[in-house]
Amino acid sequence: RFRPSVILFSAWSNQWNRAVAVAKALKTLREDIPLWIGSAHVTACPSSAPWAPFVGAVIGEGEAVVSGLIANPSAFPAGTLIRGHTVDSLDDLARPALSLFPIADVREYPSVMFSRGCPYQCTYCMSRNGGLDGTVRWKTPTRAIQEIDDLLALAQPDEFYIDDDTFLKNPKWIRAFCEQYRGRASTPFYCNARPETVRRELLDRLRDIGCRGIGIGIESGSETIRRQVLMRPMADSVILDAFRLAKEANLKTWSFNMVGLPTETTQDLRATIELNERAQVDYIRVSVFTPYPGTPLYESSPPSQLPSSYFRAASTLDSESYALFSEWVHQLERDGRLWLTNSEELLREY
């Protein structure tokens, strides 16, 4: 019905195989439509781009080049890699065109994001050290509030999520945002933080404007793995303090955790389980570690340990760790504490 002149795809690494499959299916319907791919996976792994059925790829931030690509797709021959331009001022971007989407889809996961890049150095994350261009940028608080207003006016969700990976990384920005947002809306929201960025003063400000919960990364209960493998040099006490402060601020908490990390033993996995219990986490997200292109852990992983689909199943864990992981996931499910895990295959088996 749309009769598009070009179709643009966006895919993370764990979506790559699905993106290729959808693109091939589209080619059977309209072979003449050029298909382009962009976003995280092809930026980290440009060698993927020439794969049929994509004509080419946009590497990096694509907003500044997409309009030209759409206006004249025939100007770009097959196999073209277009390098996007870093957007220095995120306020210059067009506001998200939410009205293009079915309201039901927006309501399924109503979210906003106000920054790009992360100043930290986690070895499993492509946003490390500011991301591809080494810069951390924020929309202004005024622009951030405009996007929240747009979301609430269109979808009228019961709650929404501020999806910046480390929302508290800029305390000055948080204070300005809270001051401007105060009294504007009663819709509750949720956000994420690293343990060492959690301060009671910031949590109180966020709670007072509607924040009802915060996600904090634990990732591994082994301090050695956090320091030597993940480049998250924080003591257990820092993690425990972060969850304690959140509870004192009357916020619900959830944690992010990974299993199957390099060098991880069953004892390390047990330490992850125990640290979550010591922190009295309300909800727990647990994922099977997969090394992604563009990250140091991908580059250092032996080829035999790199899943071709960029998705690692729990069954690849050693038998002892798999049994402990399975027991943990099922117990969390029984307790109503399991939150958005990629280990649904375990629950289906259960």
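A residue is called buried when its relative accessible area is under 20% (exposed is over 50%, partly exposed in between; 1.4 Å probe, protein chains only). Please keep in mind that this is a predicted model, where local features need pLDDT of at least 70, side-chain atom pairs count only at pLDDT 80 or more, and totals for chains, interfaces and linings use all residues. Residues are numbered from 1 along each chain as its sequence is written, and side-chain values use heavy atoms, with hydrogens and water left out.

Let's start at helix α7, which spans residues 200–208 and has Leu202, Leu203 and Leu206 buried; helices (H or I, at least four residues) and strands (E, at least two) are DSSP runs, numbered from the N terminus. Viewed down the axis of α7, the buried residues fall within an arc of 100°, so they line one face of the helix. That arc is taken from the directions from the helix axis to the C-beta atoms. Among the elements covering these residues are α6 (171–181), β9 (189–193), β10 (211–219) and α9 (236–248). Just after α7 comes Gly210, with a positive phi of about 125°.

Beyond its neighbours within four places in sequence, Leu206 is in contact with Phe167, Leu168, Ile174, Cys178, Phe189, Cys191 and Cys211, contact being heavy atoms within 4.5 Å. Leu206 is also, with Phe114, Phe167 and Phe177, one of the residues with the most contacts inside the largest nonpolar core, which has 57 residues. Such a core is a set of buried Ala, Val, Leu, Ile, Met, Phe, Trp, Tyr and Cys residues joined through side-chain atoms within 4.5 Å.
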